[in-house]
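I opened the notebook to look up side-chain contacts, ring pairs and cover in one model. My entries follow in the order I checked them.

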Amino acid sequence: ELCLARLRGCSPQLTIWGVSATLGNTEIAMHTLLGPELAATGTLIRGAPGKEIVIDTLLPTSMERFPWAGHFGTQMIPSVIEAIEEGETCLIFTNTRAQAEIWHQTFLRAKPEWAELLGLHHGSLDRAVRDDVEEGLKSGRLRAVVATSSLDLGVDFSPVDRVIQIGTPKGVARLLQRAGRSGHQPGKVSRVTCVPTHAFELVDIAAAREAALAGKIESKDAIYRPLDVLAQHLVTLAVGEGWIEEEMLAEVRSTSSFAELSDEEWNWVLDFVVRGGSSLQAYPEFRRVQLDALGRHRVLDKDIAQRHRMSIGTIVSDAAMSVQLVGGARLGTVEESFLSRLQPGNRFTFAGQLLEFVRIKDMTAFVKKTRRRDGLVPRWAGGRLPLSSELSRAIRIELDLASHGELRSVEMEAVASILEVQAKWSRIPEFDDFLIEEVQSREGYHLFFFPFEGRLVHEGLAALFALRLSREMEITFSMASNDYGFELHAETPIPFNGDMLVGLLSNRNLAEDIVESLNEVEMARRQFREIARIAGLIFQGCPGMHKSAKQVQASSGLFFDVFSRYDPDNMLLRQAHREVLEKQLEHSRMAKTLSRLRESRWVITQPPKPTPLAFPILVDRLRDTLSNESLTTQISRLVSELETAAGE
C-alpha cells in the first residue's frame with residue numbers, strides 16, 4: 001500500500017489492477033489497494049463462472065471408530081498410486097514441508113522405479129532444485145510432484161490433469177487454489193482428489209466441497225498501522241531522492257492501512273528514523289535519516305545506505321541454515337533449531353534424499369548421502385495450520401445434518417459408524433450446540449470442549465479456561481487440542497458444572513487473561529525479532545557473512561529487554577504484543593468464539609469412555625509425553641478397549 005501511494009504520487013493518473021480468483025472480500029480488497037480517497041472511483045469486475053471443478057475423495061478400505069491423526073498413512077498409498085497412474089501428470093499437495101518429505105519417501109519405497117519420474121517441491125529447497133522440478137512439470141518429464149503451497153499460485157503447468165490433496169485442505173480457498181492447478185486449459189475440468197489421513201478429515205473434505213460449491217470463500221483481513229513497515233519505507237525513500245515531512249505524511253495517510261495514523265504515531269516513527277528514538281539517540285548508527293540543505297529527509301551516510309539496501313523487505317524467513325552435500329550442490333535450508341540438535345552420523349530426510357549429517361561450518365550444514373532408511377524428518381515453523389473460519393462453519397453444518405440423520409455425501413456415509421458411537425455415548429453436536437464431555441478414566445479426569453474453531457483458537461481457549469478454573473479451585477491441568485476441540489486433564493476430580501461456563505466464556509479482561517495464561521512475554525520477544533529486523537534495528541549481515549539466528553535473536557532480545565525496562569511505551573514493543581495477540585493467539589477470533597459459545601446451547605454429557613470426537617485429542621496429549629514406540633503400543637491398547645466397549 002505504501003509503495004502504491006508512492007507510485008500514485010509520481011503518476012497521479014496511474015491505473016491500479018488487483019486480481020484474485022479465491023478471495024471472499026473483494027470489495028474490501030479493492031478499497032485497500034486504492035486507498036480511502038480513491039476507493040469510490042474503483043470498479044469491481046467479476047468474471048462469469050464457468051470453470052468446472054470436481055472435488056472427490058479416495059475412501060479408506062476400512063474404518064476404525066476411534067480415529068487419530070495420521071493413522072491411515074500407508075493404508076492410502078496403494079489408492080493414491082493408482083490415482084496417479086490414471087492420468088498423465090499429477091500434483092500431490094501436502095500442508096507442510098515435513099509431510100511432503102515423508103510422502104515423497106513413502107512413494108519411492110512403494111515404487112522405486114519412479115525415482116526419475118517423481119519430484120519434490122517446497123520453499124526450503126534450493127532455487128535450482130525447484131526450477132528443475134518446475135521445468136520437469138512443464139515438459140511432462142515428471143509423472144508426479146509432491147509439493148506444498150510453493151506451487152499453489154502463479155504457476156501454469158498444462159500437462160497437469162490431476163491434483164491430489166493429502167489431508168484436510170484447512171480452508172476453502174486453499175482447496176480451490178489447488179484444484180485450479182489441474183486442467184489449466186480452456187474447456188478442461190479442474191479436478192482435485194482428497195486423501196484423508198484420519199477418519200474425521202472425511203468430514204472436513206465433505207464440508208469444504210459444500211462450501212466451495214456454494215461460493216463460501218474465506219476473506220482476508222487488511223493489515224493496519226504496522227509501524228516497523230512504515231519505518232523501513234521512510235528510510236528506503238530517504239536513501240533515494242528523499243522526502244518532505246508534510247508531503248510524506250499526507251501520502252502515508254492516503255493508504256487504507258495508515259489512514260488513521262495518529263500524530264503521536266507519526267512523530268514517534270519520525271523520531272525513530274531520525275534520532276533512533278528516546279532509547280537509542282546516543283548511538284550514531286541509529287540516526288539514519290537527516291535533513292539536507294534543501295530541507296528534505298535523506299540518508300547521507302553511505303554505510304547506513306548500504307546496510308539498508310541489503311535489508312529491504314518485509315518477508316522475514318525463519319532462522320534457517322543451508323544444507324549442502326560435502327563437495328557438492330546446495331540442497332536448500334532447514335531451521336537452525338533442528339540442525340543444531342544433530343550429532344555427526346545422525347540421519348535425516350531432506351530434498352527427497354536420505355542424508356547423513358557431517359558437520360556445521362559458517363551457517364552451513366554439510367551432509368552426505370546414505371542408504372540407511374532410518375532417520376528424522378526436519379520440522380519447520382508454520383507447520384500447524386488452523387482451520388479457516390469458513391471451513392469451521394461448514395463442518396458444524398455437516399455435523400448438524402448428521403445429527404438429524406442426513407448423510408449427504410459418500411464421505412459422511414463412510415464415517416456413519418463413527419458417528420453412531422458418538423451419538424450413542426454422547427451426542428453429535430448440532431450447529432448451535434456447545435458440546436462438553438466429562439470423562440473419567442484410569443488416567444484421571446477429563447473435560448473435552450468442542451467449539452470447532454481451529455487449533456490456534458483452541459490452544460488459547462484451553463489455557464484461558466485452565467487459568468479461570470484454577471482461580472476457583474486448587475487444581476493442575478494438562479492440555480491438548482486439535483481443530484475440533486480441546487481437553488483439560490487433571491489427576492484429581494474436576495468439580496465442573498454449567499454455572500461455571502458463564503465465567504469461562506466471559507469476554508471481560510480477555511486480553512489480560514490471555515497474557516496471564518500463556519507465556520506471552522516470550523512469544524512477544526520472538527515476534528519482536530521480526531519487527532526489529534523490518535524496522536532496521538538489527539542488520540543480518542552482508543552476503544556470505546550472515547549472522548547466526550542465535551546472534552540475531554540475541555541482538556533483538558537485547559533491544560526487547562532495554563525497551564521493556566527503560567522505554568515501555570516504545571511503539572515497536574507495543575506492536576510486538578499486539579501482533580502476538582492477533583497473529584499467534586487469534587485474539588479477535590477467540591473473542592468472537594466466546595461470544596458465539598455464550599449464545600449457544602450448552603450440552604454437557606458424561607460418556608462412559610472417551611468418544612470418537614475426544615479420542616484424537618487424547619492421543620495428541622499422549623504424543624507429548626511418550627516415545628513413538630510406547631505411544632503406538634498405548635494407542636493400540638486404548639483402541640482395542642474402546643472398540644470392545646462400543647460393541648458390534
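Which side chain meets Glu516 in a salt bridge? I found Arg471, at 2.8 Å from N to O. I count a salt bridge when a side-chain nitrogen of Lys or Arg is within 4 Å of a carboxyl oxygen of Asp or Glu.

**Ground rules.** I am working on a predicted model, where local features need pLDDT of at least 70, side-chain atom pairs count only at pLDDT 80 or more, and totals for chains, interfaces and linings use all residues. Residues are numbered from 1 along each chain as its sequence is written, and side-chain values use heavy atoms, with hydrogens and water left out.

I looked up where the two partners sit. Glu516 lies in helix 19 and Arg471 in helix 17, so this pair ties together parts that are 45 residues apart in sequence. Helices here are DSSP runs of H or I with at least four residues, strands are runs of E with at least two, and both are numbered from the N terminus. Arg471 has 44% relative accessibility and counts as partly exposed.

I then checked Arg468. Arg468 forms a salt bridge with Asp513, with 3.0 Å between the closest N and O atoms. Arg468 is in helix 17 (residues 455–472) and Asp513 in helix 19 (residues 510–517), so the pair ties together parts 45 residues apart in sequence. Arg468 is buried at 7% relative accessibility. Asp513 is buried at 6%.

**Salt bridges elsewhere.** The count by this rule comes to 33 salt bridges. I noted one between Arg6 and Glu251, at 2.8 Å from N to O. Arg6 lies in helix 1 (residues 2–10) and Glu251 in helix 9 (residues 245–253), so the pair ties together parts that are 245 residues apart in sequence. Buried or exposed: how do I class Glu251? Glu251 is buried, with a relative accessible area of 12%. Arg6 is partly exposed at 22%. I also found a network of salt bridges that links Arg427, Glu430, Asp433 and Arg601.

**Ring pairs.** I moved on to the aromatic rings. Rings of Phe, Tyr and Trp (its six-membered ring) pair if their centres lie within 6.5 Å; planes under 30 degrees apart are stacked, over 60 edge-to-face, and the rest tilted. The count by this rule is 18 aromatic pairs. Phe286 and Phe559 have ring centres 5.7 Å apart and planes at 85 degrees, so I logged the pair as edge-to-face. Phe286 is in the loop between helix 11 (277–280) and strand 7 (290–291), and Phe559 is in helix 21 (residues 549–566), so the pair ties together parts 273 residues apart in sequence. Phe286 and Phe559 are buried.

Phe528 and Phe560 also form an edge-to-face pair, at 5.7 Å centre to centre with 65 degrees between the planes. Phe528 is in helix 20 (residues 520–535) and Phe560 in helix 21, 32 residues apart. Both Phe528 and Phe560 are buried. Which residues do ring pairs link into a cluster? I listed Tyr283, Phe286, Phe528, Phe559, Phe560 and Phe563.

**Charges over rings.** I score a charge over a ring if NZ of Lys or CZ of Arg is within 6 Å of the ring centre and within 35 degrees of the ring normal. Arg359 has its charged end over the ring of Phe366, 4.8 Å from the centre. Arg396 lies over the face of Phe431, 4.2 Å from the ring centre.

**Helix 8.** Helix 8 (residues 227–239) has 13 residues. I looked up its cover: 11 of the 13 residues are buried. Among them are Leu227, Asp228, His233 and Val239.

**Thr148.** Thr148 lies in the loop between strand 4 (144–147) and strand 5 (160–166). Thr148 is buried at 6% relative accessibility. I found Thr148 and Phe93 5.4 Å apart in space, C-alpha to C-alpha, and 55 residues apart in sequence.

**Ile45.** Ile45 lies in the loop between helix 2 (26–34) and strand 1 (53–57). Ile45 counts as exposed at 62% relative accessibility.

Note on methods:
Expected span 1.5 Å × (residues − 1). Buried < 20%, exposed > 50% of the residue type's maximum accessible area, 1.4 Å probe, protein only.
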